[in-house]
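Work through the exercises below with the sequence and the coordinates side by side, and try each task before reading its solution.

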Amino acid sequence: MSMDVVDLIMQDHREVERLFDELKENPEKRPTLLPVLTTLLTAHSRAEEAEVYPVAASEAGEKEDVSHSQQEHIEADQLLAKLAGTDPESPDFDKVLQNLIDAVSHHVDEEESKVLPGMKAHLSEERRSELGEAFVASRKQHLGEQPGDMTREELAKQAQNAGISGTSGLSKDELQQKVQSEGEL
């Protein structure tokens with residue numbers, strides 16, 4: 001298995017797309033598939049935020065695109081939490097699911113056309129492999145977490161990745177409010 005971080009991220013993107021299709025096409029599977037989606041998407045996002053985005057910004061010259069991608073993660077977290085709180089059998093579920101699909105698909109398209117090619121071009125194969133190992137370890141550590149299960153340090157990393165300043169003296173709740181309000185696109 002390739003440990004190239006770009007390949008690993010793209011594999012996760014394809015799995016999320018597969019889960020979206022399953023959720024849309026098989027409503028009877030929603031109660032089982034929804035926790036799988038929220039767990040994978042949350043772990044993937046946290047691993048990118050902790051391991052990939054800081055390197056993409058500093059070493060691959062993708063600071064602006066990383067900031068935008070981080071803002072999209074914040075939006076996706078909010079939509080994912082809303083979906084997780086929506087009864088899979090309610091009439092609202094399809095609309096909330098489609099909003100999440102639209103936001104995540106947009107993010108994936110941008111990340112795969114901007115950030116990931118920049119990493120391929122500016123980081124050595126060895127560095128991408130090191131990042132791949134760190135990404136897999138971080139993703140594994142975050143498996144089981146759900147949207148909103150964030151430490152103050154993880155919120156601070158989101159703020160830093162998104163270019164949000166003035167967060168050092170904030171409590172966790174204040175930081176979360178600032179990240180959510182300033183991270184909205």
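The exercises go from the whole chain to single residues.

The model is predicted, so local features need pLDDT of at least 70 and side-chain atom pairs count only at pLDDT 80 or more, whereas totals for chains, interfaces and linings use all residues. Residues are numbered from 1 along each chain as its sequence is written, and side-chain values use heavy atoms, with hydrogens and water left out.

**Exercise 1. Confidence and elements**

Task: State the mean pLDDT of the protein chain, and find which element has the lowest mean pLDDT and which the highest.

Solution. Begin with the scale: pLDDT is the predictor's confidence in each residue, from 0 to 100. The mean for the protein chain is 89, and 97% of its residues reach 70 or more. Next, list the elements, where helices (H or I, at least four residues) and strands (E, at least two) are DSSP runs numbered from the N terminus. The protein chain has seven helices and zero strands. Among these elements, helix α1 (residues 5-25) has the highest mean pLDDT, 97, while helix α7 (residues 172-182) has the lowest, 77.

**Exercise 2. Overall dimensions and surface**

Task: Decide whether the radius of gyration of the protein chain agrees or disagrees with that of a compact globule, and then describe its burial, contacts and charges.

Solution. Take the radius of gyration over C-alpha atoms, with the globule rule of 2.2 Å times the number of residues to the power 0.38. For 185 residues a compact globule would have a value near 16 Å, and the protein chain has 16 Å, which agrees. Along the principal axes, the C-alpha atoms fill a box of roughly 45 × 40 × 25 Å. Then turn to burial (buried is under 20% relative accessible area, exposed over 50%, partly exposed in between, with a 1.4 Å probe and protein chains only): buried residues make up 48% of the 185 residues. For contacts (heavy atoms within 4.5 Å), residues 24 or more positions apart account for 71% of those with a separation of 6 or more. Finally, Lys and Arg count as positive and Asp and Glu as negative, without His and the chain ends, and each charge is placed at NZ of Lys, CZ of Arg, CG of Asp or CD of Glu. The mean positions of the 19 positive and 40 negative charges are 1 Å apart.

**Exercise 3. Phe93 and Asp87**

Task: Is Phe93 buried or exposed, and which residues does Phe93 contact beyond its neighbours within four places in sequence?

Solution. Locate Phe93 in helix α4 (residues 92-122). Its relative accessibility is 0%, so Phe93 counts as buried. Beyond the neighbours within four places, Phe93 is in contact with Arg30, Leu34, Leu83, Thr86, Asp87 and Pro88. Asp87 and Arg30, 57 residues apart in sequence, have their C-alpha atoms 9.4 Å apart.

**Exercise 4. Sequence distance and spatial distance**

Solution. Met10 sits in helix α1 and is partly exposed at 30% relative accessibility. Met10 and Val108 are 98 residues apart in sequence and 8.6 Å apart in space. Not counting residues up to four places away in sequence, Met10 touches Glu112 and Leu116. Gly166, by contrast, is found in the loop between α6 (152-162) and α7, and is exposed with a relative accessible area of 55%. Gly166 and Val16 are 150 residues apart in sequence and 34 Å apart in space.
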